[in-house]
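Please open the model in your viewer and keep the selection panel at hand. The stops below are meant to be taken in order.

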2 protein chains.
Amino acid sequence: MSQLQRIAIAPSQLQNQQISLTKEQQHYLGRVLRLREGDRFIAMDGRGKWWLAQLATEQAQVLEPLTVLTELPVSITLMVALPKGNAFDEVVRCCTELGVACIAPVLSDRTLLKPSPQKLERWRRIATEAAEQSERSFVPTILEPVAFNAVTANVTTQRYICEARGEYPHLKNVINPASTEMIIATGPEGGWTEKEIENAIAAGFQPVSLGRRILRAVTAPVVALTLISASCEV
Amino acid sequence: MSQLQRIAIAPSQLQNQQISLTKEQQHYLGRVLRLREGDRFIAMDGRGKWWLAQLATEQAQVLEPLTVLTELPVSITLMVALPKGNAFDEVVRCCTELGVACIAPVLSDRTLLKPSPQKLERWRRIATEAAEQSERSFVPTILEPVAFNAVTANVTTQRYICEARGEYPHLKNVINPASTEMIIATGPEGGWTEKEIENAIAAGFQPVSLGRRILRAVTAPVVALTLISASCEV
């Protein structure tokens with residue numbers, strides 16, 4: 001099983017086996033995922049069609065269609081504030097089982113500890129094993145840890161930030177089941193700071209609730225993924 | 001916070017501060033939960049009303065109404081085939097956070113190991129801590145481990161059994177959001193045996209799927225609880 005990154009494309013972007021990439025997709029593939037010309041990735045149209053593609057500069061060449069039965073029709077990027085100790089292992093394992101496409105470990109105001117490169121290696125190994133065990137077609141991408149504020153600046157996809165306190169709508173009530181891409185952020189033990197929530201809202205994140213009880217930092221991503229996958233999977 | 005058991009009652013069962021108990025409720029309180037005359041429990045009507053009640057023989061006396069903000073309107077009993085090692089700790093912790101009312105560890109054909117009394121003590125301690133941390137009003141009941149086949153005989157509530165293989169409907173599509181009581185069973189690593197599924201169906205369990213990917217035994221209960229609570233909580 002290959003560890004290929006994937007992006008969602010609009011059906012209109014594909015013509016004659018060529019995918020014309022938007023500026024944003026070029027940025028995402030090149031800067032965020034660090035792919036170079038000639039690297040391969042997966043393009044999906046969110047309606048069950050998947051293609052193996054090869055990156056050129058402003059476009060990509062379709063190499064072959066892919067048959068996918070166990071993947072979600074939506075590409076979910078999970079931004080998780082890093083919990084203490086080894087708790088992130090379990091987040092990676094569970095969320096891989098639940099169909100996540102990309103996990104971005106984030107450093108928040110309440111979790112500043114930068115993990116070692118060995119940890120990143122470990123999470124990628126866990127993701128690979130969990131993808132196999134859960135019979136997925138692809139291994140999710142685990143990005144290098146980034147500061148939460150750095151990430152919020154550059155996104156235009158549908159995006160949510162989970163917050164336990166405050167009168168926010170329940171995630172289940174705001175998900176658009178027809179979405180092809182989605183970003184969801186869950187906080188550290190103790191929650192996001194007020195400033196982080198404000199910044200996230202300014203960057204277009206919608207604050208949402210996961211229910212009336214206070215969830216641990218390791219439970220929240222699993223709950224969020226479950227709700228999104230149940231909404232989007234037929 | 002007290003570790004009180006709870007049952008759902010129909011509004012018509014309550015008259016003049018007296019709850020007339022059905023034969024089934026008497027059996028459940030006396031035989032399953034092992035309450036005696038004079039013991040206290042919680043009665044809930046599934047519409048947000050809760051009462052502290054005291055057991056008599058065929059009825060119960062209402063002692064006082066309770067204010068509850070963080071509890072689910074449905075009383076969920078989770079039957080979990082015991083996983084190996086300490087993995088059940090995490091199931092108890094997560095499912096308590098998610099609002100479960102009662103957890104029944106079950107011995108299945110593929111998990112015959114009977115846990116020690118120390119383990120049961122440990123799970124009850126974990127449930128108490130998790131209930132406090134998640135700001136619940138009540139601590140879920142952890143029953144003594146029982147054989148799966150023994151449990152299936154005596155239930156008449158709405159009930160589901162999760163099974164990864166086979167073409168079963170998704171749990172999200174079969175939950176009745178107005179239910180006040182529900183039983184859900186999740187299997188061991190390797191899944192239920194065919195015979196167990198057959199027996200469960202004969203006992204009125206509806207087999208359901210939790211999605212297209214294969215979940216670990218420790219992830220499935222968390223996913224099931226998330227889906228039920230999201231369906232039933234307003």
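Predicted model: local features only at pLDDT ≥ 70, side-chain atom pairs only at ≥ 80, totals over all residues.

Residues are numbered from 1 along each chain as its sequence is written, chains are lettered from A and ligands numbered from 1 in the order in which they are written, and side-chain values use heavy atoms, with hydrogens and water left out.

**Stop 1: the interface**

Select chain A and chain B together: 33 residues of chain A are in contact with 33 residues of chain B, contact meaning heavy atoms within 4.5 Å. The two chains bury about 2800 Å² between them, 47% of it on carbon and sulfur atoms; buried area is the accessible area (1.4 Å probe) that two parts lose on being put together, summed over both.

**Stop 2: salt bridges between the chains**

Over all chains the whole structure has 16 salt bridges, each a side-chain nitrogen of Lys or Arg within 4 Å of a carboxyl oxygen of Asp or Glu, and eight are found across the interface of chain A and chain B. Display R216(A) with E97(B), whose side chains meet in a salt bridge at 2.5 Å, N to O. Then move to E135(B) and R165(A), where the closest N and O atoms of the salt bridge are 2.9 Å apart. E135(B) lies in the loop between α3 (117-133) and β9 (141-142) of chain B, and R165(A) in the loop between β11 (159-162) and α5 (171-174) of chain A, so the pair joins two chains. Helices (H or I, at least four residues) and strands (E, at least two) are DSSP runs, numbered from the N terminus.

**Stop 3: two helices in chain B**

Select residues 87-97 (helix α2) and 220-232 (helix α7) of chain B, whose axes come within 9 Å and cross at roughly 10°. Axes are lines fitted to C-alpha atoms, for helices over the stretch in contact, and angles run from 0 to 180 degrees between N-to-C directions. That angle makes α2(B) roughly parallel to α7(B) (under 35 degrees; over 145 is roughly antiparallel, 65 to 115 roughly perpendicular and the rest oblique). V91(B), C94(B) and C95(B) of α2(B) meet P221(B), V222(B) and L225(B) of α7(B).

**Stop 4: two helices in chain A**

Finish with helix α2 (residues 87-97) and helix α3 (residues 117-133) of chain A, which pack at an angle of about 30° with their axes 8 Å apart.
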